[in-house]
Amino acid sequence: MSMRKRAVATVTAALLGAGTLGLAVAPAADAASYHGIDGNGVVSDDWRDEENLSVDDYADSNATALWQSVLYADGAKWQDEDGDWHNFAKSHIDGSFGPQTESATQWWQERYGLQENDGVVTDQSWEFAEQWLHGPGPGGAVRYDGDKRDVEFKRVSGKYRVKLKGRGPWRIAYYDQRG
């Protein structure tokens, strides 16, 4: 092979390799841009690497609505300023991590004996809740078996979906979007 042909073959191989690399990187870049509850792989390890949720972290988000659905399913209670306890109702699934959600999260953490029981949803809370997930079923349905009731989520294209107040359209469980 002449030097010129070898150079052309090397350049061609490099360009083809770069094109292939570009195709391989494009989906990964797209996946990296998604900032929501991950639904790839098996359901039994969906939530173990999720972000913290609190009044300071992703307080207004569909990811918070997903967490609130867990609280509702498990019959969580929240304490008001007067010290009275209230049930965490379906109407509280609004994607806003305020004092009611913080109190209900703390109640939930204490009920299940979690070491971290400060009302902040951390890896420990996510991992504990994850063990009650089942699915996916038809249409990507994932069921959370709560102590009081079951709630349903959807996993479509690796993204969890949730309904605000338990009704209406399915919304992607983004950390940085609500509604």
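1. D118 is partly exposed, with a relative accessible area of 46%. Here buried means under 20% relative accessible area, exposed over 50%, and partly exposed in between (1.4 Å probe, protein chains only). D118 lies in the loop between α3 (99–111) and α4. Helices (H or I, at least four residues) and strands (E, at least two) are DSSP runs, numbered from the N terminus. A negative surface patch is made up of D45, D49, E51, D56, D57, E116, D118, D123 and E127. Patch members have over 30% relative accessible area and no salt bridge; like charges are joined within 9 Å, and nonpolar side chains (Val, Leu, Ile, Met, Phe, Trp, Tyr) within 5 Å.

2. **Basis of the values.** This is a predicted model: local features need pLDDT of at least 70, side-chain atom pairs count only at pLDDT 80 or more, and totals for chains, interfaces and linings use all residues. Residues are numbered from 1 along each chain as its sequence is written, and side-chain values use heavy atoms, with hydrogens and water left out. Accessible areas come from the Shrake-Rupley method with a 1.4 Å probe; for residues, only the protein chains shown count as cover.

3. **The positive patch.** K77, K90, K148, R149 and R167 form a positive surface patch. Lys and Arg count as positive and Asp and Glu as negative, while His and the chain ends are not counted. A charge is placed at NZ of Lys, CZ of Arg, CG of Asp or CD of Glu. R149 sits in the loop between β4 (141–145) and β5 (150–156). R149 counts as partly exposed, at 30% relative accessibility.

4. **Helix α2.** Helix α2 covers residues 62–73. Its 12 residues should span 16 Å at 1.5 Å a residue, and the end C-alpha atoms are 17 Å apart, which agrees. The expected span is 1.5 Å times one less than the number of residues. 12 of the 12 residues are buried, so α2 is largely enclosed by the rest of the structure. Among the buried residues are L66, W67, V70, L71 and Y72.

5. G75 is found in the loop between α2 and β1 (77–79). G75 is buried, with a relative accessible area of 13%. The C-alpha atoms of G75 and W108 are separated by 8.7 Å. Along the chain, G75 and W108 are 33 residues apart.

6. Side chains of opposite charge can pair when their charged atoms come close. A salt bridge here is a side-chain nitrogen of Lys or Arg within 4 Å of a carboxyl oxygen of Asp or Glu. The count comes to 6 salt bridges. E130 forms one with R48, and the closest N and O atoms are 2.6 Å apart. This pair links distant parts of the chain: E130 is in helix α4 (residues 123–130), and R48 is in the loop between α1 (3–33) and α2, 82 residues apart. E130 counts as buried at 2% relative accessibility. R48 counts as partly exposed at 39%.

7. **The D60 pair.** D60 forms a salt bridge with R178, with the closest N and O atoms 3.8 Å apart. D60 lies in the loop between α1 and α2 and R178 in the segment after β7 (171–172), so the pair ties together parts that are 118 residues apart in sequence. D60 counts as partly exposed at 44% relative accessibility. R178 also counts as partly exposed, at 44%.

8. **A charged network.** R143 and D150 meet through their side chains in a salt bridge (3.9 Å, N to O). R143, D145 and D150 are linked in a network of salt bridges. R143 counts as partly exposed at 38% relative accessibility. D150 counts as partly exposed at 46%.

9. **Backbone points to check.** Most residues other than glycine have a negative phi, and most peptide bonds are trans. A cis peptide bond joins G135 and P136, with omega about 0°. P136 lies in the loop between β3 (133–134) and β4. Y58, in the loop between α1 and α2, has a positive phi near 55°. K165 has a positive phi of about 55° and is not a glycine. K165 is placed in the loop between β6 (159–162) and β7. Y58 counts as partly exposed at 28% relative accessibility, and K165 counts as partly exposed at 28%.
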